[in-house]
Amino acid sequence: MFVSAVNQLIIQKNAIIAALTVSLDTAFDLTDLKAEQAELESEMAVVSDLIEKCICENAHVALDQVEYQKRYDGLTARFDAAKARYETLDETIRSKQSRRATIEAFLETLAQADLVDKSETSLWCGLVDFVTAYSKDDVRFTFKNGMEIKV
């Protein structure tokens with residue numbers, strides 16, 4: 001089954017490689033995400049300084065503690081929101097980088113592959129994402145590019 005599925009993929013390899021190569025930079029573009037992340041780093045630095053000044057002022061000047069607490073809570077909420085968004089972006093960036101590396105490795109393996117007549121571990125590891133067996137007559141190979149082949 002594996003040999004049949006891989007050969008069906010290899011027959012289409014030039015079209016698959018061309019399509020993925022064209023879309024790789026667009027699909028995994030990190031420019032906007034990294035720009036937003038840099039803005040959030042600046043925001044967190046500014047808010048962190050404001051929190052520090054707020055605490056310092058409270059330690060050195062007699063302030064209405066209710067007003068101080070409101071100001072402090074507002075600043076920490078602002079910092080926490082920026083930090084949460086930053087962490088979400090960081091996770092998204094790492095995920096895209098990982099997926100891009102997987103696709104690039106897939107493309108490299110596919111580019112070097114020729115039709116096979118027996119199972120090869122390197123092709124299995126380099127091309128196959130997972131296999132789903134619905135029944136003995138319905139086995140589907142899902143490749144790392146998302147393509148599914150039923151054998």
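Which residues are linked with Arg100 in a network of salt bridges? In this predicted model, the network consists of Asp25, Arg100 and Glu104. In total, the structure holds 10 salt bridges. Side chains of opposite charge can pair when their charged atoms come close. Several of these pairs involve helices α3 and α4, which are described next.

Helix α3 covers residues 31-60. The helix has 30 residues. From its first C-alpha to its last, α3 reaches 44 Å. That span is close to the 44 Å expected at 1.5 Å a residue. Helix α4 covers residues 65-112. The buried residues of α3 are Leu33, Gln37, Leu40, Met44, Val47, Ile51 and Cys54. These buried residues pack against α4.

One of the buried residues in this list is a glutamine, Gln37. Gln37 lies in helix α3. Its relative accessible area is 10%. Gln37 therefore counts as buried, since the cut-off is under 20%. Beyond its neighbours within four places in sequence, Gln37 is in contact with Tyr86, Leu89, Asp90 and Ile93. With Asp90 there is also a polar contact, side chain to side chain, at 3.5 Å.

The side chains of Asp90 and Arg94 meet in a salt bridge, with a distance of 3.0 Å from N to O. Both residues lie in helix α4. They are 4 residues apart, about one turn of the helix. Asp90 is partly exposed, with a relative accessible area of 24%. Arg94 is exposed, at 55%.

Arg78 belongs to helix α4 and Glu43 to helix α3. The two residues are 35 residues apart, and the pair links distant parts of the chain. Arg78 has a relative accessible area of 37% and is partly exposed. Glu43 is also partly exposed, at 26% relative accessibility.

The second bridge joins Glu57 and Arg71. Their closest N and O atoms are 2.7 Å apart. Glu57 sits in helix α3 and Arg71 in helix α4. Here the residues are 14 residues apart, and this pair too links distant parts of the chain. Glu57 is partly exposed, with a relative accessible area of 31%. Arg71 counts as partly exposed at 39% relative accessibility.

The model also contains a sheet. This open sheet has 3 strands in the order β1-β2-β3, with antiparallel pairing. The edge strands are β1 (128-135) and β3 (148-150), and each pairs on one side only. The twist averages 20 degrees from one strand to the next. Strands of a sheet pair through backbone hydrogen bonds, either parallel or antiparallel.

Strand β2 spans residues 138-143. It pairs with β1 in the antiparallel sense over 6 bridges. Within this pairing, Ala133 stands opposite Val139 in β2. The two strands form a hairpin with 2 residues between them. Arg140 has Lys150 in β3 as its bridge partner. β2 and β3 also form a hairpin, with 4 residues between them. In that turn, Gly146 has a positive phi of about 95 degrees.

How many of the 6 residues of β2 are buried? The count is 5, and the strand is mostly covered. Helix α1 (residues 2-11) lies across β1, β2 and β3. The helix runs at about 45 degrees to β2.

Conventions:
Residues are numbered from 1 along each chain as its sequence is written. This is a predicted model: local features need pLDDT of at least 70, side-chain atom pairs count only at pLDDT 80 or more; totals for chains, interfaces and linings use all residues. Side-chain values use heavy atoms; hydrogens and water are left out. Two strands pair if DSSP finds at least two bridges between them. Axes are lines fitted to C-alpha atoms, for helices over the stretch in contact, and angles run from 0 to 180 degrees between N-to-C directions. Contact means heavy atoms within 4.5 Å. A salt bridge is a side-chain nitrogen of Lys or Arg within 4 Å of a carboxyl oxygen of Asp or Glu. Buried means under 20% relative accessible area, exposed over 50%, partly exposed in between (1.4 Å probe, protein chains only). The expected span of a helix is 1.5 Å times one less than its number of residues. A polar contact is a pair of N or O atoms within 3.5 Å; within protein, one must be able to donate a hydrogen and the other to accept it, and residues adjacent in sequence count only if both atoms are side-chain atoms.
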